[in-house]
Amino acid sequence: PKTLIEPFRIKSVEPIRMTTRADRERLLQEAHLNVFKLRAEDVLIDWLTDSGTGAMSSRQWGAIMEGDESYAGARSYYRLEKVIQDITGMPHFVPTHQGRAAEKVLFSAVCKAGDVVPNNCHFDTTRGNLEFMGVTALDLVIAEGLQPATLHPFKGNIDLERAESLLKSEGARIPFGMLTVTNNTGGGQPVSMANIRAYSQLLKKYGKPLVMDVCRFAENAMFIKMREAGYENTPIPEIVREMFSYADGATMSAKKDGMVNIGGFIVLRTDEWLDGVRNGLIMMEGFPTYGGLAGRDLEALAVGLQEGMEEDYLRYRLRTAEYLGERLEAAGVNFVKPTGGHAVYIDARSVLPDMPIAHYPAWALCNALYLEGGIRGVEIGSVMFGKRLEDGTETFHSMELVRLAFPRRMYTQSHFDYAAEVIAEVKDRAASIRGVKITKQPKFLRHFTCECAWV
Ligand code: F0G
């Protein structure tokens, strides 16, 4: 088959600034060996996140001029509400400024200290918001989901047996079950329709609602279309509609499959939690018809949600991750297989087999990619998910991954080719890569702001 091309052409460009290795050594040192502290203009290829970083379309920019900035009852709110109701089949829509705000508003209305919330894998803000309230956040992804090399078409699936035994033993403490599509923390891996359906039925049997974290619902739907029997010829909007049909509510970071730079929302099937949610929204975010966003943001999202479900776009989108995976395979670099929707996750333990976990191999690899080629990825390992305990000892994460997450519609194939070359060079020089120790850290979400030194 021919090369699968980007299904768009470029109408507006933003130059990137070249740097030398000597520049980058100095810049990383000034950033206390934490790539979150770099200035973006000192990064050549910014694959820190796919969140809010994509390129909007000319249609979206056009829609921005239509924004109704009224405080209450803006036209833009009703336009977006209709789009979201059509996509999700859920009647109640509550806008927030991004995903974690949706989580905070919903959890504040529904959870209390001592509760337990199961998920395939909680994203870091989801876990952070729950733990901050004294709620236990449990990850119950299937075993394959934690094995980088094991092939499975739906590595994001939740382990239904473990979910059921939890419902039996801790049922009284569970306000709802969650499911993250795609499973970001586990490698951007999809959840099958069969798993969503079965989990929803299981929760129902125990009288519990299902709340989905749907940041990447369109990518998940495309994986279902490509991999799950019976969906080969189903249009994406229909797959999406079925996915949502099993849920009672959802939180969304529109900065992903909403194709916008800022935005989020909650959707709910019944009005049971609605008053609590809207009251919290007014305190934390804004009036219910804008929820922390400008009218123009609501307009851009109404267009972006539809563009994010276009099949040509999604086919190209999943292919970019797969393509980089093929290049890494050829270079002998291990990564989470198969590649996920929005990112490639390099298995740092396989690149740095001799580095002790206490020296944070994924963090070290992340730094090396920046030094070698100006590429910024993110560590998903023991800095992000480990903890320093009161007695000074540490807990570690089960995987040491470096995530290269791709902004939507932004980088072309030559950027990917360049990155593959850089990664191969880093692998060849693995013996010279240095680990780090953490010299300063906050209590929650330490990866964002911690300071490090070479060990
Ligand atoms: N849930 C998932 C699965 C996410 O990936 C994110 C964000 C959120 C919730 C929170 O949304 O950023 O709008 O507040 N993930 C980004 C990332 C930050 O880089 O993966 P937010």
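This is a predicted model: local features need pLDDT of at least 70, side-chain atom pairs count only at pLDDT 80 or more; totals for chains, interfaces and linings use all residues.

Trainee: Into which domains is the protein chain divided?

Mentor: Domain 1 covers 21–50 + 311–454, and domain 2 covers 58–307. Their C-alpha centres lie 26 Å apart. Across the boundary, 24 residues of domain 1 are in contact with 22 residues of domain 2.

Trainee: Which elements give two or more residues to the side of domain 1 that touches domain 2?

Mentor: They are α12 (311–331) and β9 (343–347). Helix α12 gives the most, with 5 residues. By type, this side of domain 1 divides into 13 nonpolar, 5 polar and 6 charged residues.

Trainee: How does one describe a pair of helices?

Mentor: Two packed helices are described by the angle between their axes and by the distance between those axes. Here, the axes of α4 (residues 99–110) and α10 come within 8 Å and cross at roughly 130 degrees. The two helices are therefore oblique to each other, and their crossing is right-handed. From α4 the contact draws on Ala101, Lys104, Val105, Leu106, Ser108 and Ala109, and from α10 on Gly276, Val277, Gly280, Leu281 and Met284. These residues divide into 7 nonpolar, 3 polar and 1 charged.

Trainee: What should I look for in the backbone?

Mentor: Most residues other than glycine have a negative phi, and most peptide bonds are trans. Met259 has a positive phi of about 60 degrees although it is not a glycine. Met259 lies in the loop between β7 (249–253) and β8 (264–268), and counts as buried because it has 26 C-beta neighbours inside 10 Å. Tyr360 also has a positive phi, near 55 degrees. The place of Tyr360 is the loop between α13 (348–351) and α14 (361–373), and its 31 C-beta neighbours inside 10 Å make it buried.

Trainee: Where is a cis peptide bond found?

Mentor: One joins Val181 and Thr182, with omega about -15 degrees; Thr182 is in the loop between β5 (177–180) and α7 (193–205). The bond from Lys337 to Pro338 is also cis, with omega near -15 degrees, and Pro338 is in the loop between α12 and β9.

Notes. Residues are numbered from 1 along each chain as its sequence is written. Axes are lines fitted to C-alpha atoms, for helices over the stretch in contact, and angles run from 0 to 180 degrees between N-to-C directions. Helices (H or I, at least four residues) and strands (E, at least two) are DSSP runs, numbered from the N terminus. Angles under 35 degrees count as roughly parallel, over 145 as roughly antiparallel, 65 to 115 as roughly perpendicular and the rest as oblique. A crossing is left-handed if the near helix is turned anticlockwise from the far one by less than a right angle, and right-handed if clockwise. Two residues are in contact if their C-beta atoms, placed from the backbone, lie within 7 Å. Ala, Val, Leu, Ile, Met, Phe, Trp, Tyr, Cys and Pro count as nonpolar, Asp, Glu, Lys and Arg as charged, and the others, Gly among them, as polar. Domain bounds come from an automatic or database domain assignment. A residue is buried if 20 or more other C-beta atoms lie within 10 Å of its own, exposed if 12 or fewer, and partly exposed in between; C-beta atoms are placed from the backbone.
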